[in-house]
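Let's take a walk through a protein together.

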Amino acid sequence: MTDSPFLSRRLLLQTGGALGAAVAAGLLPAARAAAAAPNPTAAPDPHAVTVTDLGPGLVQFSLMSGLRVGDTLYIGSRNLTPSRVIGFHLPSRTVVSHTELGAGPEPSIQALAADPTGRYLYIGVLLKADQGKPNLYRWDLTTPEQPAVPVGRTEDRDIRDLAVSPDGTVYAVGGMPGTAPVLWEYDPATGKVANLGAPDPNATLARAVAATDSTVFFGAGSILAGGNGASAASLYAYDRAARRFSPVLPAELAKDPSLRELAVIGDQLVVGTSGGTDPAKFAVLDLADLSRATVVPTRGTTVKAFTSDAERIYFASESGIQVYSKAGRTISPLQFDGPDLGEIWGLEQTGGKLEAVSGYGIVVEIDLASGTSVTTDLGQAGAPADAQAAMGVAAGGGYVYLGGNGAIARHDLRTGQVVNLRAPGEAKDAEVIDGLLYTGQYDAQGIWCYDPSGGGQPHQVAAFPSEQNRPLDTAWDPVHRLLLVAVQNDTRGGGALWTYDPRTGRSASFADPVDGVQLVRAVACQDGVAYLGGDNAAKTGARGTVVALDPVTGREGWRIETGQPGGVAALAAQGHHLYVLTRNGRALVVDLRTRKMVSSADVSGVCQGFAALVANRGMVYGVSTTTLFRFDPVTFAVGTVVAGVNGAWYSGPHLNAHGGRLYTLRDHHLIEVVDRTAR
């Protein structure tokens, strides 16, 4: 691989001193004793490191919500800073307004609701980190040139859904890691936000709320941080006059992990769930008697985004738009001539037409009588797009790929051209194998493949049980020629190892290979052995276990308990050593011949929390949220390669190597790094 002629910025950096330590070899207690010693600083390295800026990583108007008010669709952004809401005018198919919110890092807008007059649009924000700022905004649609203003703050970090009662009172639900989600009430007359209580103390997240004059409906479950006693789907009716909650969940929904969507349509409450081992459910409850319910299983894992006409209720699933016949009480897919919609974040019906807001950054208008459709790219229609915080990164075949929300950016290393490929959900991590891209695709999308020579789009090549929903890390086993994917089970706890053979198309899933509570945070491979690193999304319970197993049979060979409270963040194998980074800032090294830990050092000066590791040219490199660093292969001392990368990663930093070069992010830009100290 040669330097690309289009590159406009090349920076030569001299690596300076960095944190690192070599500790005494021996048994685990000895390594722990060494860990208490001061961590010496690695000597300055005189060799140059070349950093090439490949430009913004993935630019797109990424979205997470859509709501029609009058003749305009209001669409909330996802993973863009600052967060924003655009007004897409349906008659002209152009973006005619937008407002920006200063809500915090990596914000997204999943919740939109209009007041009964149609004048005000309420906007709820969800965040990666809480900075104590307002998360509830109001935009006056009669003066859209004026920005939305903050009107309140729920004490939950995130607002996942909003509802406005007929009298104008606003209700919000969401959640915050480690606490039960609350029903919040905002009174526009007083400007006060009130905590109405947490009806399900074992829920981890609430994503659905609906309101009438007398009742507020609260839907929750355990779609994030499940297991460890977390509840499954729950539905409560809050009596506004009596100020008390009553459980009203139909028994048929009780096994589903989470209640996903609620809407009041006429005299009925419409309910959707997120499925687990069983498909998701669609239900209609009589508001006059909530015990009278019609429940219909679907073929998908998600039921959300309700709209209706006189005869039908329309909703979204991962397989597209579905139609519920009110008379027949049956569900069938909607047939139309348009594109795959991927993840649908808004669905509206007016005058015989449907408008679908797709996570691909498009709006598709469907004529229900003819089945014809019109597709509008929001970026081309005037939506302000910026670089997203990114997911996984992979390089090979002349390209570097960067995953994001609803898209994968393909960077051509020869020409500099960037093309956004459509892929539903999020490409959490990826590998290029024989010129083809393979991704682990969240949420519950399995493994996807893209052939750059075919001129098409990515497509699914392997599906797995839907509760194995969150791929986290990938590795390639050249001995068995298997793609390995480390997975988290969000709803039940634990995790899995996926394997996929690109030659035969065969796949396998080994559930809970560490134990019943530890997810598989990281995977590495050496000489046909897969190494798995365990972590735990719950505050308590086992974590930090490293397991060696046969990726063909799933049979365990051996394991090491690291005893680290932070759990495993990343793994890499080089020579006869396995490198382990933990989420509490320690670097461990295991001798694969003796299966003993031979080094343990505090590297928190360059790496805390999530991280990634990769072997490249005889050395192991790592990236944290702040720093690109390397390990000395003899002493295991850590040295800085590029300081201050501060990569804009959505769910933890990633790093990939190809042709002796490293690829990661610096801020929102993709960079290529050549380290001439590599042996």
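How many bridges join β7 to strand β8? Find residues 83-89, which make up β8, and you can follow the answer: five bridges link β7 and β8, and the two strands run antiparallel. One of the facing pairs here is T72, which stands opposite H89 in β8. The two strands form a hairpin with five residues between them. In that turn, N79 has a positive phi of about 60°.

Before going on, please keep in mind that this is a predicted model. The mean pLDDT of the protein is 92, and 92% of its residues reach 70 or more. Over residues 1-44, however, the pLDDT is below 50. Beyond near neighbours in sequence, that stretch has 109 contacts in the model.

Now look at the other side of β7. Strand β6, residues 63-69, pairs with β7 in the antiparallel sense over six bridges. You can pick out facing residues by eye: G66 stands opposite I75 in β7, and R68 stands opposite L73 in β7. β6 and β7 also form a hairpin, with two residues between them. G70 sits in this turn and has a positive phi of about 65°.

Four strands form an open sheet in the order β6-β7-β8-β9, with antiparallel pairing. The edge strands are β6 and β9 (94-101), each of which pairs on one side only. On average, neighbouring strands of this sheet are turned by 20° against each other, direction ignored.

Is strand β7 largely enclosed or left open by the rest of the structure? Six of the six residues of β7 (residues 72-77) are buried, so the strand is largely enclosed. In a regular strand the side chains alternate between the two faces of the sheet. In β7, T72, Y74 and G76 point one way, while L73, I75 and S77 point the other way, and all are buried.

The largest one has 18 residues. Those with the most contacts inside this core are Y579, L581, V603, C607, L613, F629 and F631. The elements giving two or more residues to this core are β50 (568-574), β51 (577-582), β52 (586-591) and β56 (628-631). The largest share, three residues, comes from β50.

Our last stops are in loops. T302 has its place in the loop between β25 (289-297) and β26 (304-308). Is T302 buried or exposed? Its relative accessible area is 17%, and buried means under 20%, so T302 counts as buried. Not counting residues up to four places away in sequence, T302 touches R260, T273, S274, A280, A316, S317 and E318.

G652 lies in the loop between β57 (638-642) and β58 (656-658). With a relative accessible area of 13%, G652 is buried too. To end the walk, find G652 and Q110: they are 542 residues apart in sequence and 21 Å apart in space, C-alpha to C-alpha.

Conventions
Residues numbered from 1 in each chain as written. Predicted model: local features only at pLDDT ≥ 70, side-chain atom pairs only at ≥ 80, totals over all residues. Heavy atoms only, no water. Core = buried A, V, L, I, M, F, W, Y, C linked by side-chain atoms within 4.5 Å. Buried < 20%, exposed > 50% of the residue type's maximum accessible area, 1.4 Å probe, protein only. Pairing = 2+ DSSP bridges. Axes fitted to C-alpha atoms, helices over the stretch in contact; angles between N-to-C directions. Contact = heavy atoms within 4.5 Å. pLDDT = per-residue confidence, 0-100.
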